[in-house]
Amino acid sequence: MTSLEPRLVGLAGALRRHGVANGTSDVVDAAAVMTALGLEDRERLREGVAAALLRRTGQRQVYDDLFDLWFPAALGSRTGVDDDVPPPADAAEARSRAAQLREELARALADHDEAALESLAARVVAELGRLPNEATTGGWSSAQALDILAPQTAIAAALARLRDAADGIPGGSGNGSGGSEGSGAGSGGAPSGQRFADRFTRDELRAAVAAFRRRVEVETRRRNAEARGAERISRYAVRPPAEQTPFLLAGAVEVEELRRTIAPLAKKLASRMAARRRRAARGEIDIRKTLRRSMSTGGVPMRPAHKQRSPHRPDLVLLCDMSSSVAGFSRFTILLMQAMAGQFRRVRIFGFVNVVDELTDVVLSAPPGADLTEAFRDTARMTRWHNNSDYGSALLDFTDHHLDSVGPRTSVLILGDARTNNTHPHPDALRDIAARAKSVDWLNPESPRQWGVGDSVAPLYADIVDMHECANAAQLRQFVMRLPV
Amino acid sequence: MSQARGIPQNRAMTTAFASVDDVCRALADAGYLASDAIATTTFLADRLGKPLLVEGPAGVGKTELAKAVARATGARLIRLQCYEGVDEARALYEWNHAKQLLRITAERDGDGHWDALRHDIFTDEFLLARPLLEAVRSEDPVVLLVDELDKADVEIEGLLLEILSDFQVTVPELGTITAAHRPFVVLTSNATRELSEALRRRCLFLHIDYPSPALEQRIVAQHVPGLEATLVESVVRLVGRLRELRLRKAPSVSETVDWARTLVALGSTDLTADVLRDNLGVLLKHQDDIERAAKALDL
């Protein structure tokens, strides 16, 4: 156990650096887990240590990556992998190696052979992933290996292989299920059932290839960690959890993960806003209930009962900057819009670049989970004269045309970076909105250090309404938690 | 390590399972097919004596796990169903006011042994034990299931902290009651509210996701024995595909089983577009989900 303790502590430290909070007591628990489970089964050890170190759902991906670094499956080359393969001498040799590997990949994909896929990933890294200038970088590259291999091209071959197998042995699957041969319907029906399920085969293979890519990446990180130390690799080569990814930099993959993080947060935000009102409504005594309750204490009303109002779902107005300078942020904005639209009874959504356009119908009529980024790419109805964002004229336009949508029960949420391209900020318009609304909160994707730098007028607006930094999902969570209940 | 947390040595440290494989076997006998992750964490919760916090999508068997552990170990299941507004009186204990009043009235004719009476009406006889106290006081081994903890208010979590770390309950009039057996505690949450760090820290965390296709096939085959193996495979593949679509509510394991039962009830021997189109409502519960799936599956 002694040699493992530093590794465990290292893993816990790396997790903390990636924003996964854990305490000393958790590490002690993890050590107890290792003692209880032993080291025979690595996957069980992975699950056990996860149970001790993790506390919420979104942390699993970063944990898995780090676990592979600190508790590697093997040292050096894997068994059955020829490590002495020199890097391919020229492009032609690399291509021929890749073609051979691709063929084996197609076979493994068609057979759902997990073990073969695992060892194939190791071979791909060993044969195609070594960087040529070893002296300077001394490592392996998954990007290079996957570029040459192009695993997605194996899908068609795997499909063909599966089709041949189905045609070659008619009713083969029927034999496998056993005993169904006797009834004519059984053998006749099974192939057509297969044919319907075969509609999913292509999607399943695509998912399997994506999983294979991840295997190659994991294997590459393992080899690199050996060369340069787990500490260093875990700092640079492991993607931070979706929670910590800045909205402005989020790519398509991260957005998909964000979607899963934001939906429950929106639900929480909605219930928090509802709770704000319910508490205020407390205080009125319900005479009937109090009298009935006092029966058990001999007619003495020891525990007065309060009237309960049904939870009020407040109205919400969302005002979102949709300009291209905050493109990454507006992807988050759209996600939040969609999630909030499902939670509020009356929600109105406005987008602007320099004039305001109502987007409520577009968002509400779209099916849940649909990708609206494309629908909003055309911002023609939110611009006038030029394509730059202008908060001043947008706010003025809002107060001129849409101020009646804000009432004393309305919460207003503004999303944007308050960079107004050196035009007049018109703070009075924002003051008008704040005066009418129940509350106004502003979520800004920039850090407070950059507020007021350059063309940002954030400090000016922050004086009028509450402005919160909201650059990633973790900060959105904090904002939701801080809302006074 | 658990000794360091202040659990007395003389407490019965009974562990129900010998190994992870033992957990798998015992749970399977109790009708619950566990993935490796579930079996490992259950084993650890039992071995380390820590509560188990289970999260995951609806319908993957979070509550069922607690029931299966109870069946597998022959322990009694005590369940605290949380809801908004559940309080101490519903979760922990309550004094039986009516009975206390009767007792006082019955004594009124005597010459005021007030001191005796005062001690008398705050005894076990007048105490109504609610699930948490019941679990701590139980003479037999118990599995305590605190279901949907996220629905309860934050205050209840504070109440749970003493029970979860020390397995004891303090009733001011009676003193501290310590558990004879350490209960096997399972907390479930659907993450509608963020649970506090203090609570999370005291628990082992388990995220149950949708099972792997192979495991789901075994689960379906176990619950619906009348279904052909090829058909089971098709059903599971269909459900797997549906989960990848962005739906309002993805089909859960229980819905897969319902769907398999539907096929048996209809007497279908294979999965066709017609059967699927007519019965998609068994798998999907929202109209827009059904339309979306029908379009994606080309029905």
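Predicted model: local features only at pLDDT ≥ 70, side-chain atom pairs only at ≥ 80, totals over all residues.
Val143(B) has Phe184(B) as its bridge partner in strand 8 of chain B. Residues are numbered from 1 along each chain as its sequence is written, chains are lettered from A and ligands numbered from 1 in the order in which they are written, and side-chain values use heavy atoms, with hydrogens and water left out.

Strands here are DSSP runs of E, at least two residues, and helices are runs of H or I, at least four, numbered from the N terminus. Two strands pair if DSSP finds at least two bridges between them.

Strand 5, residues 142-147, pairs with strand 8 in the parallel sense over 4 bridges. Strand 1, residues 52-55, also runs parallel to strand 8, joined by 4 bridges, with Leu52(B) opposite Val186(B).

Now, how enclosed is strand 8? Of its 6 residues, 184-189, 6 are buried, so strand 8 is largely enclosed by the rest of the structure. Buried means under 20% relative accessible area, with a 1.4 Å probe and protein chains only. Phe184(B), Val186(B) and Thr188(B) are buried on one side, and Val185(B), Leu187(B) and Ser189(B) on the other.

The whole sheet is open, with 5 parallel strands in the order 2-5-8-1-9 of chain B. Its edges are strand 2, 76-81, and strand 9, 204-207, each pairing on one side only.

Conventions:
Buried < 20%, exposed > 50% of the residue type's maximum accessible area, 1.4 Å probe, protein only.
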